[in-house]
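Good morning, colleagues, and thank you for the time.

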Amino acid sequence: MHAGAPGEPAIENLDPQVLRIIDANYNRAGEALRVVEDYARFALGSSAASERLKLMRHRLLQAVSSVAPRAVLVSWRDTAGDVGTHISTEFEKTRTGIGDVVAANIRRAQEGLRVLEEYAKTIDPRAAESLEKLRYELYTAEKGLVNEMDPCRRLLDARLYVLVTTSLLRGRKPEEVTRDAIRGGADIIQMREKEMHDGEFLDLARRLREVCRDAGVPFIVNDRAHVAQIVDADGLHVGQDDLPAAEARRLLGAGKIIGVSTHSPEQAQAAIEAGASYIGVGPVNATPTKPTTAPVGLAYVRYAAENVRIPFYAIGGIAPSTAEDILEAGARRLAVCSAIISADDVAAAAACLKSAIARHGT
């Protein structure tokens, strides 16, 4: 059989019971990670999350293989003689929904990794260290998955929403303006290009998606669901005449942010019932980006503040000179386009509006 590295015991000298424990917990952790990976892949539709979990499974295999070859672990397996196979709890027999499935398997993977880490210390401390790192990485991944399972959670602290439209950038590069807006305090970026051809739109969406991903800021595509899918955008924003929110949700998956433009209480209620993650409330003031839509004024903002229980963003003609009245009316989130992206100093303009929001609290 395989001889261990210098200073490590040969495989044939290892305790068979330790090998059985390692084998059982490798299977436990690997199976659980696969359950969570499939959720990320098929339910969330998140290529980034599913790829990360897949890589974690491969790293788990590498770490365990350095402790003992899989063939050796399998050779010591004794399923028939395992006294624990018939022990189960009522909790293990039922799941209340898909979120419960994911949560249970994340816990299962974490527990398996901890057992592997402890017993690997008796054989290969370096492998134990790798398993420890993998366990901590899973803790971080868990937080991200929890947020993606409930898209509204990702919006709780997102107060300043910036819309990027190339025609308003005064010749500057979209990536540069997006970075400056984020540097100034933008919490969400939307790419809004009504006239751009699909090929050009897709290329720009990919570039802005990378800028936002690097900054840890959600990236939203306006209207074009197929592009949102291709670039793995964090979400899609639709108007009243675009793809219905319920269809957008089915198309993009449970973990994506779906935003809807609304201009009345009735439209707000319909968007909420259709599964919107947030709504746009406006246009509050006249705005060149929505020239055919009549301003709704502050009355609708007041209604939303009192009645809408998902995040809403006041939008339309918002600038430092108009923001105070909108915030006084109850808005705590603003969606802004030209006042930021057309400003001489994009970062400073974003910071100014972010400060105005902060002064009005939560």
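Predicted model: local features only at pLDDT ≥ 70, side-chain atom pairs only at ≥ 80, totals over all residues.

**Helix packing, parallel strands and some loop residues**

Helices α13 and α15 cross in a right-handed manner. Helix α13 spans residues 320-328 and helix α15 residues 346-359; they pack at an angle of about 20°, and their axes are 10 Å apart. Because angles under 35 degrees count as roughly parallel, α13 is roughly parallel to α15. On the α13 side, the contact is made by Pro320, Ala323, Glu324 and Leu327. On the α15 side, Cys352, Leu353, Ala356, Ile357 and Arg359 make the contact.

Let me turn to the strands. Strand β3, residues 219-222, runs parallel to β4, and three bridges join the two.

Which way do the residues of β4 point? In a regular strand, side chains alternate between the two faces of the sheet. In β4, residues 235-238, Gly235 and His237 point one way, while Leu236 and Val238 point the other way. All four are buried.

Now to the loops. Ala233 is located in the loop between α9 and β4. Is this residue buried or exposed? Ala233 has a relative accessible area of 1%, and is therefore buried. Apart from neighbours within four places in sequence, Ala233 is in contact with Arg209, Phe219, Val221, Ala228 and Lys256.

Finally, some backbone geometry. Most residues other than glycine have a negative phi, and most peptide bonds are trans. Asp223, in the loop between β3 and α9, has a positive phi of about 75° although it is not a glycine. Arg170, in the loop between β1 and α7, is likewise not a glycine and has a positive phi of about 55°. With a relative accessible area of 53%, Arg170 is exposed. As for the peptide bonds, Gly282 and Pro283 are joined by a cis bond, with omega about 0°. Pro283 lies in the loop between β6 and α12.

How values were computed. Residues numbered from 1 in each chain as written. Heavy atoms only, no water. Buried < 20%, exposed > 50% of the residue type's maximum accessible area, 1.4 Å probe, protein only. Pairing = 2+ DSSP bridges. Axes fitted to C-alpha atoms, helices over the stretch in contact; angles between N-to-C directions. Parallel < 35°, antiparallel > 145°, perpendicular 65-115°, else oblique. Left-handed = near helix turned anticlockwise from the far one by under 90°. Contact = heavy atoms within 4.5 Å.
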